[in-house]
Structures are given as structure tokens and as C-alpha cells.
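Please read the points in order, with the model open alongside.

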Amino acid sequence: MSFFQPEQVSARTFIEYVEYHPALESTNSLAVELRDELYRVAPALVLTDEQSAGRGRGIHTWWSATGAITCSVVLDAHRHGPAVESRPLVALAAGLAARSLVAELLPNHTVQTKWPNDVLVGDQKICGILSEQHSTDSGSILIIGIGLNVNNSLATAPDEVRQRATSVFELTGQSVDLTEVLIRLLNHLSHALDQVCRNPVETAQESARCDRLTGHEVKIQTPTELLAGKCLGIANDGALLLKIGEAVREIRAGHVLEFS
């Protein structure tokens, strides 16, 4: 029996088609596999109750268990997405949407984003975002993968995950209606995507205000080098601003190893 009611999702959000499976290896991977079909029915959602091989940025994986929200939103990049130069901001917009939802669910906790694709409660990760763009036979799609820890317990997670992650259930001791939470998440996402299309600078500025790294010393592994410096915020194009000595570097891809 599904934890979700797909018909409610399509009836009460901007999503027009739901591709639901009880179990999947990765919603993003299936979205890529079905990209030509999903392009024609976008905005679409790939949704599963249980994901066994979720993907993160680069070589990283996303651990999840039953009770989490694991899904991928599929958009026609031209009709639903921002201008090409603003598309790096899509992951940040999705992070802001997830942050807004989590703050509603956990009003007594500090909820922040962490560049480029995480949502934190305190210093523990509760949500991860993976944004991708792929060509189709007729155009291109944006895929926004979201993994949000809601009703799942971290008790069975690997040690390294358990030490740095949390869930709504872990923090409150209560389960919530997953369909209702997903609907609220998608409605927040619709608002965030509208903002990044209309005013991408506002998205970047809001991300800088909400980001856990702003003002802190950060160590980042980029595709080519290891860097350490003070995070000054986020540039209008979504790059992380890192002050190293007297210079300010704009980091557009990287993995945050630590911050203090």
C-alpha cells in the first residue's frame, strides 16, 4: 500500500502527471530514462515510496528509508524554467522551497540551506537536492530530485549518515501525512520557481541570507582543487563567494568538506 495518493498530488499542485512506483533505485535515473515521455506531460513528478540507490552530486549517494519523500520534478526547461543563464539557481530555489516547508514543520528549530544543495536543521542534513538538465527528442528538461527525511528513522542508517542527518520524526517523535507534506513542498517549489524566473537576483540574495555557510570559514573540494576561506555569501549567478587571503573566488561547483 502506497504512502502517497498520487491523484491528490496532481489535483492540488502544479504537477500534471505523476509517474508513481512503489520502489525504485533512483527517481532521477528513471526521470532521465523516461525523459522523452515526461517532456510531453511536464510538469511531471516521478515518485516512489522507497528508493534504494538515490544519487547525490558527483559520486555521492543519498541514503533513504521508507517514510522519506523521494521524488523528482520534471520540467520543460523552456516553458517552465528560468533563462539559461539563471538555471544554476534552480537547485538553490528548490533548497529554499524545502527550507520553507521544514521551517513550518519544525517551528522551534533553526532551519537553513547549505550551498549548493542541502537543507540543514542545526548542523544536521534533512534534505538534499539534485538538479540536472537533459536533452530530449523535442527540447530539454530540468529534473529536480528531492530527498526529504520526514517519517523515516535514522536508526538503521549507516554510521556516517546517522551522525550527520536527521528527520522530522527524529526531532518531533511524530509522523505526519506524507501526501500532505509532499503537496505543501510542491506548492513551495512552484513559488520558488516562479521567483527564480521573474527575479533570479532575489533568489540568490535570499539564498545568501538563509545559507549556513555565509560568514563562516569553509573548506571546499572543487573539481580541480581544495580551497579554504571565508564564505561571503552567494553571487547573483549562484556561485559561492569564497574569500581566500585578499582575493574573492567564485565557486560554481564543489563539495563542502567542513565549515566552522
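1. Leu92, Ala93, Leu96 and Arg99 of helix H5 meet Thr203, Glu206, Ser207 and Cys210 of helix H9, where contact means heavy atoms within 4.5 Å. The residues of this contact divide into four nonpolar, two polar and two charged. In this classification Ala, Val, Leu, Ile, Met, Phe, Trp, Tyr, Cys and Pro count as nonpolar, Asp, Glu, Lys and Arg as charged, and the others, Gly among them, as polar.

2. The model is a predicted one, in which local features need pLDDT of at least 70 and side-chain atom pairs count only at pLDDT 80 or more, while totals for chains, interfaces and linings use all residues. Residues are numbered from 1 along each chain as its sequence is written, and side-chain values use heavy atoms, with hydrogens and water left out. Helices (H or I, at least four residues) and strands (E, at least two) are DSSP runs, numbered from the N terminus.

3. How do H5 and H9 cross? The axes of H5 (residues 90-105) and H9 come within 10 Å and cross at roughly 55°. Axes are lines fitted to C-alpha atoms, for helices over the stretch in contact, and angles run from 0 to 180 degrees between N-to-C directions. H5 and H9 are therefore oblique to each other; angles under 35 degrees count as roughly parallel, over 145 as roughly antiparallel, 65 to 115 as roughly perpendicular and the rest as oblique. The crossing of H5 past H9 is left-handed, a term for a near helix turned anticlockwise from the far one by less than a right angle, with right-handed used if the turn is clockwise.

4. H5 also packs against H8: their axes come within 8 Å and cross at roughly 140°. H5 and H8 are therefore oblique to each other, and their crossing is right-handed. Among the contact residues are Ala94, Ala97 and Leu101 of H5, and Leu185, Leu189 and Leu193 of H8. By class, the contact of H5 with H8 has 13 nonpolar, two polar and two charged residues.

5. H8 (residues 178-198) and H9 (residues 200-210) pack at an angle of about 120°, with their axes 5 Å apart. That angle makes H8 oblique to H9. Gln195, Val196, Cys197 and Arg198 of H8 make the contact with Pro200, Glu202, Thr203 and Glu206 of H9. This contact has three nonpolar, two polar and three charged residues.

6. Where is the largest cavity lined? Its volume is about 60 Å³, and of the 13 residues that line this cavity, the closest to its centre are Leu92, Gly95, Thr113, Pro116 and Asp118. On a 1 Å grid over the protein atoms alone, a cavity is a set of points where a 1.4 Å probe fits but cannot get out, and lining residues have an atom within 4 Å of a point. Grid points are joined across faces, edges and corners, and a volume is the space filled by probe spheres set on the points. H5 and strand E6 (111-114) each supply at least two lining residues, and H5 gives the largest share, four residues. The lining has six nonpolar, four polar and three charged residues.

7. The bond from Trp115 to Pro116 is cis, with omega near 5°, and Pro116 lies in the loop between E6 and strand E7 (118-121). The bond from Ala42 to Pro43 is cis, with omega near 5°; Pro43 is placed in the loop between helix H3 (35-41) and strand E2 (44-51).

Key:
On a 1 Å grid over the protein atoms alone, a cavity is a set of points where a 1.4 Å probe fits but cannot get out, and a pocket is an open set with protein on both sides within 12 Å along at least five of seven lines; lining residues have an atom within 4 Å of a point.
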